[in-house]
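Please read them with the structure open beside you.

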Amino acid sequence: MNILRSVPGQPEAIWFLEKAADRPHHAYLFAGPEGSGKQQAARAFAGALLCPRGGCGECRDCRLALADRHPNLVVVEPEGRDIRVGLGPDDHGTARWMVAWASRTAPEPGWKVFRVEQADRMTPEAADVLLKALEEPTGGTVFILSSARPDELPETVRSRCQTVTFHPLAEAFVVDTLVNEGAPEERALLATRVAGGNLGRARRIAADDRGLAFREAALEALDEAGRGPAGALAAADRLMEAAKEYQKGLGRDLEAALEPFTDPETGAPVRQFRAEIRRLEERHVRRERRAERDFLDWSLLALEAVFRDSLLSAAGGDRDWSINLDLDGGRLSARDAARAVEVLEEAREALADETNLNVRLILEEAFLRLTDVAPAVASA
Ligand SMILES: [Zn+2]
């Protein structure tokens, strides 16, 4: 079976890509909301291009492509907020580096594939540099740009790409997908709601017992905040600690990922895998840098969802519509619940601004403003 067929819920896009894999255009734009399967499709399409059998799903090329580790595959994603233009061809992960890579001979025979995640995060300078590579394609390269906000890409870049549209997935579809992958139905539904219908996130939440750790930490912090101003400071501490814990967990993931490339006797990396090891480490550094803010954002979003449930119940809505199906929404007036949602939105916005260095202060301020509403929800 073709690996593209394993991408769920996007039959039109997949049908198009299966045909495209035989004679690919040199640039594609995968456009669609977060969680609609763009990333999975981009991995599979890369596999279909790199596999001598067009994406069998079983050979070395397919496996390496799906794991972002194929030598002919380059994955670029924002570092911090942006994809930068870069200082020169050696400035890893930047537009100049990518263009330099495009002009080189592929490490192995076959296509060179570039995947650019969140392509709308390219700075105008980076987009300009990439545009040159798109305008004068060197043979043998295929660019796959992905974006949930394709309108924010320069028209000049968009017009050079063939657009492949991904539609939002229906809730029932995401739940069914998780159930088919082995998740119990109740957990699948909860994960889907908490993830806001984002299949990738829902999958991670459903797969792992620690999948909802961010929500647990957030609820514990809210409980603390219910004790008043001193509690609000403790709440910020609690959440920061949980984020650090999550970051440490990623370190263990890296060790596990590196294990196949280390000598079982000496524990030292095996020389011939040096390039792969380096790439795994670089990706890990990027994830780790983002990890704290990611975890805090999920936590604040989880609290926001709890207060949205309170809002629903204050408005007399059906409990089946709530996000946190396993929690009681608490007793709050609609006005208080709406204000709490607003406080959390503001905190998330402040957190998303990476020039804002004092993360703890953002949390403290948010929890201080939640001290009065916290008891009604946290004790529920
Ligand atoms: Zn294959």
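1. In β4, Phe-143 is the bridge partner of Ala-27. This pair belongs to the parallel pairing of strand β1 (residues 27–31) with strand β4 (residues 141–147), which runs over five bridges; two strands count as paired if DSSP finds at least two bridges between them, and strands are DSSP runs of E with at least two residues, helices runs of H or I with at least four, numbered from the N terminus.

2. A word on conventions: this is a predicted model, in which local features need pLDDT of at least 70 and side-chain atom pairs count only at pLDDT 80 or more, while totals for chains, interfaces and linings use all residues. Residues are numbered from 1 along each chain as its sequence is written.

3. The open sheet has five strands, paired in parallel and ordered β2-β3-β4-β1-β5. Because β2 (73–76) and β5 (162–165) stand at the edges with a single partner strand each, one side of each has no neighbour in the sheet.

4. Phe-30, Phe-45, Ile-144 and Leu-145 touch the most other members of the largest nonpolar core, which holds 54 residues; such a core is a set of buried Ala, Val, Leu, Ile, Met, Phe, Trp, Tyr and Cys residues joined through C-beta atoms within 7 Å, where buried means that 20 or more other C-beta atoms lie within 10 Å of the residue's own, with C-beta atoms placed from the backbone. Helix α2 (residues 38–50) gives this core its largest share, eight residues. A second, separate core has 53 residues, including Ala-236 and Phe-367.

5. Across the chain, buried residues make up 41% of the 380 residues.

Definitions and conventions: Buried ≥ 20, exposed ≤ 12 C-beta atoms within 10 Å, placed from the backbone.
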